[in-house]
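My notes follow, in the order I checked things.

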Amino acid sequence: MFTGIVQGTAKIVSIQDKANFRTQTIKMPQEMLNGLEIGASVANNGVCLTVTEINDDLVSFDLMRETLRITNLGEFTVGDSVNIERAMQMGTEIGGHILSGHVYCTAEVKDIIISENNCQIWFELPNADIMKYILTKGFIAIDGISLTIGEVKLQQFCVNLIPETLTRTLIGQRRVGDNVNIEIDPQTQAIVDTVERYLSAKNI
């Protein structure tokens, strides 16, 4: 489990591609290596990946075909960077919201509006069905960052970013046309799906 509070960024230093499979190696920040073991879960751009090899500060992960298909990790090349979060530990402060690291889909950056001390980014989701989980003031994770939804229009929504988020994460480097990973809030999904099932059973 994760919190959506990105702890750092890491550069991709190696990619080994095979049929429907990829091994990705990142240069992990030194402060995030403490206690890291093979088999541990680390979120890369919000995607829960399992550590398969550790060589000093070089940490490797295997990406299956479904991961490459659903997320934006398959678009990256050596030299690109990803947001990194270690798995949460019991008893630690949860500053964001509970995440599983299971990305639902990607969304396209449609507009970036810069103003003093604020950056507003608009995203478009691939289909209208997903929008039922996107609620104004609700939670969402974008590339592993826990954020609050600002406004919703048709298949688009926006978030407002403070300078700290822009400094700590990679979202400030996104440009119009880029794809970002989306994990919807599991509690919102559970409530919406439960209400839909109830109304369907009542033929409402």
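**Asp143.** I looked up Asp143 and found it buried, at a relative accessible area of 2% (buried is under 20%, exposed over 50%, partly exposed in between, using a 1.4 Å probe and protein chains only). This is a predicted model, where local features need pLDDT of at least 70 and side-chain atom pairs count only at pLDDT 80 or more, while totals for chains, interfaces and linings use all residues. Residues are numbered from 1 along each chain as its sequence is written, and side-chain values use heavy atoms, with hydrogens and water left out.

Asp143 sits in the loop between strand E9 (139-142) and strand E10 (145-153); helices (H or I, at least four residues) and strands (E, at least two) are DSSP runs numbered from the N terminus. Which side chain makes a polar contact of 3.1 Å with that of Asp143? I found Asn72 there. For a polar contact I used N or O atoms within 3.5 Å; within protein, one must be able to donate a hydrogen and the other to accept it, and residues adjacent in sequence count only if both atoms are side-chain atoms. Not counting residues up to four places away in sequence, Asp143 also touches others, including Asn45, Gly46 and Arg174 (contact means heavy atoms within 4.5 Å).

**Val59.** I went to strand E5 (residues 58-64) for Val59. Val59 is buried, at 0% relative accessibility. Leaving out residues up to four places away in sequence, I listed its contacts, among them Ile26, Met28, Leu33, Leu36 and Val51. From Val59 to Cys48 I get 14 Å, C-alpha to C-alpha, for eleven residues of sequence.

**Ring pairs.** My search of the whole structure gave two aromatic pairs. In one, Tyr104 and Tyr133 have ring centres 6.1 Å apart and planes at 70°, so I logged the pair as edge-to-face. The rings of Phe, Tyr and Trp (its six-membered ring) pair if their centres lie within 6.5 Å; planes under 30 degrees apart are stacked, over 60 edge-to-face and the rest tilted. This pair links distant parts of the chain, 29 residues apart: Tyr104 is in the loop between strand E6 (81-86) and strand E7 (105-115), and Tyr133 in the loop between strand E8 (118-124) and E9. Are the two tyrosines buried or exposed? Tyr104 is partly exposed at 36%, whereas Tyr133 is buried at 6%.

**Gln187.** I found Gln187 in helix H3 (residues 186-201), exposed at 59% relative accessible area. Gln187 and Phe139 are 48 residues apart in sequence, yet 9.4 Å apart in space, C-alpha to C-alpha.

The largest pocket has a volume of about 330 Å³. I worked on a 1 Å grid over the protein atoms alone, where a pocket is an open set with protein on both sides within 12 Å along at least five of seven lines, and lining residues have an atom within 4 Å of a point. Grid points are joined across faces, edges and corners, and the volume is the space filled by probe spheres set on the points. Of its 18 lining residues, Ile145, Ser146, Leu147, Ile162 and Thr165 lie nearest the centre. E10 gives the largest share of the lining, six residues.

Terms used:
On a 1 Å grid over the protein atoms alone, a cavity is a set of points where a 1.4 Å probe fits but cannot get out, and a pocket is an open set with protein on both sides within 12 Å along at least five of seven lines; lining residues have an atom within 4 Å of a point.
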